[in-house]
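Welcome, and thanks for taking a look. Here is a short tour of charged pairs and a surface patch.

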Amino acid sequence: MAEFLRPNRGGFLRPFGCGWFIREFLLGHEPEGSPKVDPEVGACQEDIFYHYKRALHRAYAEDAIAYENEDRIKKGLAIYTEPEYMERLDWYLSRIPYKLVKCRYHSFVMYFGMLKKLGWVEKTGKEEKSTPQDYYDGFEPRRYYRLTRKGREAPDYEWSNPHLTLYPQFSLEYFREKRKEHRYTKKAPTKTRRTRERAQAER
């Protein structure tokens, strides 16, 4: 029987998935070196998002160092020592722009909204005053969320794709068929290409 080659936690483009991180973070498992939270108290969406982004930055930095170590091995050099490794890690982390790694806050809020609709997270009742409330009347406070029993019991394959779990009718086959219906137009030739084609015709 053929087995599909696929990473366990993330996708092909990310070291770990957003759903996996949210679940582990709210469980208090300190995923990817993030701070430990009390599962009963939970955390704010803003804090979860921030630590998710920082965890992605750290994973990208560690991958970069791994490539450097591979190159050192090929050249017959020793790999980085622990102090050198930490120095390189700090060097990369200080140079990765915060918005370089994908996942914008709006996308994260939409993603978190699906977890609410699925009943996997719930408000704990704890709130904090948010900074915009100092300037705008009626602005929402920082609200804390925790995992529900349903969220704890949801299997890994559902956490890996909450959108498909919430909307099973929109499967990969659905989007595949939609792409087939799309009519692609031929790209108009640029001025450079027209000039090159005219020159070739004159030869």
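## A pair in helix H8

Helix H8 (residues 172–181) contains both Glu177 and Lys180, which sit 3 residues apart, about one turn of the helix. Helices here are DSSP runs of H or I with at least four residues, strands are runs of E with at least two, and both are numbered from the N terminus. Salt bridges that share partners also join Arg23, Glu24 and Asp156 into one network; a salt bridge is a side-chain nitrogen of Lys or Arg within 4 Å of a carboxyl oxygen of Asp or Glu.

Glu177 counts as partly exposed because its relative accessibility is 34%, while Lys180, at 60%, counts as exposed. For these words, buried means under 20% relative accessible area, exposed means over 50%, and partly exposed lies in between (1.4 Å probe, protein chains only).

## How the model is read

This is a predicted model, where local features need pLDDT of at least 70 and side-chain atom pairs count only at pLDDT 80 or more, while totals for chains, interfaces and linings use all residues. Residues are numbered from 1 along each chain as its sequence is written, and side-chain values use heavy atoms, leaving out hydrogens and water.

How many salt bridges does the structure hold? The count is 14. One of them pairs Glu127 with Arg143, whose closest N and O atoms are 3.3 Å apart. This pair links distant parts of the chain, with Glu127 in strand S2 and Arg143 in strand S3, 16 residues apart. Glu127 is partly exposed because its relative accessibility is 46%, and Arg143 is partly exposed at 22%.

Another salt bridge brings together the side chains of Glu153 and Arg149, at 3.1 Å from N to O. Both residues lie in helix H5 (residues 149–153), 4 residues apart, about one turn of the helix. Glu153 and Arg149 are both exposed.

## A nonpolar patch

Tyr135, Tyr136 and Phe139 make a nonpolar surface patch of about 410 Å². Patches are made of residues with over 30% relative accessible area and no salt bridge, joining like charges within 9 Å and nonpolar side chains (Val, Leu, Ile, Met, Phe, Trp, Tyr) within 5 Å. Accessible areas come from the Shrake-Rupley method with a 1.4 Å probe, and for residues only the protein chains shown count as cover.

Phe139 is found in the loop between strand S2 (121–128) and strand S3 (142–147). With 41% relative accessibility, Phe139 counts as partly exposed.
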